[in-house]
Amino acid sequence: MAYALAGSHEPVAAANLFCVLADRHPQAVHPAYELIEMLAACKRRADAEPVLREVVRRTPHDGRALEALGELLIQLGRLDDAAAWLQKAVALRPDNITARNLMAACLSEQGRLAEADAIFRAILAEYPNDARTLANRGALLSTENAADLALAHYRQAIALNPHDARVRLNHSIALLKDGQYAPGWHEHEWRFRLPGRSAPRAATLMRSLTPDLNLRGKRILVTHEQGLGDTLMYLRYLPPLARRGAQLIISVPETLAGLVRRIPGVHHVICNTQPIPPHDWHCPFISLPRVFAATETPMGDLAPYLTADPNRIRHWRSYLPTNGRLNIGLVWAGAQRPDIAEAQIVDRKRSVRLDTLAPLGRVPGINLVSLQAGPSAREMTDMPEGMRLYDPMDAVRDMHDTAALIASLDAVVSVDTAVVHLAGAIGRPVIMMDRYDNCWRWLSKREDSPWYPTLRIVRQTRPRVWSDVVERVSAILGDMATQVAT
């Protein structure tokens, strides 16, 4: 009843029931905690806030309620507000590991990594075998590129709690970021055991490739799993499967279908709710690297492994200015996924506002061409002073159109989005403006990528600070324009 009332916008009545339940079970997790993810699954995460604030108002000395409100505010990006409530939670229960871990998580999201680490170290000094804190500190150490120490923390956490799927998945990410691909891909299969995830049937899940595994004539279903960027990155494995004689049935979102149909060896492409044809093996896209890990092509085909239709390229070229300047595609924000807390948190760190990129508009010898899709494209209604953006995106129908448009450009500048993968996959020059705590696939301490030879990475030197990134990108574009002019 409490959940129903909360979902029906009756926070006072819902909070009343939650408080009654919390009082009956003082040692349990607060019953309102689950409300956060329940509403998030309906893309209504913010609707949990009035309920939790009312719970805190009624029971201000229940640290569990303060922790729930603090975690929600972290997910909503209101970090200063979250820190204030979590400080109160820690003050109420200074020995409570949950409150202290949440406080460290909040500080980490604010970019206050040293302060967050101090909390983790203090907890571990008192509770050296707390698996959750070991894993959380491992994640922070991986952010700081202290790979050996991060992996040691994960190993301790796994020894203490070997069946925690979240810890095992984060361990895999730390391995991959350190370039330990084979064990990392194996460990990455733990994602199927996360709450709410459905795993492929074990009987048909694609085996890792070995010399004695004959794929000739086998029907392999390969399915889209997470973001568009992941699928674009792993399309490189389809041609090697086809060369082994497999018949490929590919399930992808409609926006990718046109590009996928152009890949040699793809037998059949299905989208959305179309029925799944009979098949011998099933392989989600993100499992393809695990399948190929022990082969002579562990990273699939080299880029470029995607092509746009030449007629489309000619069509989109007509949309671009022909004034002798370089045409540079620009993306400043990623897709928002309000139902996934981790994705929201990452998006706030990887995306920028258009006005942050105002210096790019002052680089001589270039035209900026918007490749931005989604709500962030509306920022062009209030352009930074001195910036001009050519915007063909209203006519773009799918990623095949986007690929043809990118193929017509001289280069692309983007934050870490699917456009980076698309530009890299078709072999176009791409400059990625990367966040400090970067995705595993971009490794660490390097500006290039083994996945995309045409990619150049310009990474933050301090968390949340983009000014020096924009300055360096401006200099790179200026040098490119000068070379063309001379």
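**Close-up views of a predicted model**

**View 1. Leu238 and its contacts.** Beyond its neighbours within four places in sequence, Leu238 is in contact (heavy atoms within 4.5 Å) with Val222, Leu248, Ile250, Ile263, Val266, Phe285 and Leu288. This is a predicted model, in which local features need pLDDT of at least 70 and side-chain atom pairs count only at pLDDT 80 or more, while totals for chains, interfaces and linings use all residues. Residues are numbered from 1 along each chain as its sequence is written, and side-chain values use heavy atoms, leaving out hydrogens and water.

**View 2. The largest nonpolar core.** Such a core is a set of buried Ala, Val, Leu, Ile, Met, Phe, Trp, Tyr and Cys residues joined through side-chain atoms within 4.5 Å; buried means under 20% relative accessible area (1.4 Å probe, protein chains only). The largest one has 72 residues, and Met206 and Leu238 have the most contacts inside it. Helix H20 (residues 418-425) gives the most to this core, with six residues. Helices here are DSSP runs of H or I with at least four residues, and strands are runs of E with at least two, numbered from the N terminus.

**View 3. The open sheet.** Six strands line up in the order E7-E6-E5-E8-E9-E10, with parallel pairing; two strands pair if DSSP finds at least two bridges between them. Strand E7 (389-390) and strand E10 (455-459) stand at the edges with a single partner strand each, so one side of each has no neighbour in the sheet. Strand E6 (residues 366-370) joins E7 over two bridges in the parallel sense, and Leu368 stands opposite Leu389 in E7.

Key. Buried < 20%, exposed > 50% of the residue type's maximum accessible area, 1.4 Å probe, protein only.
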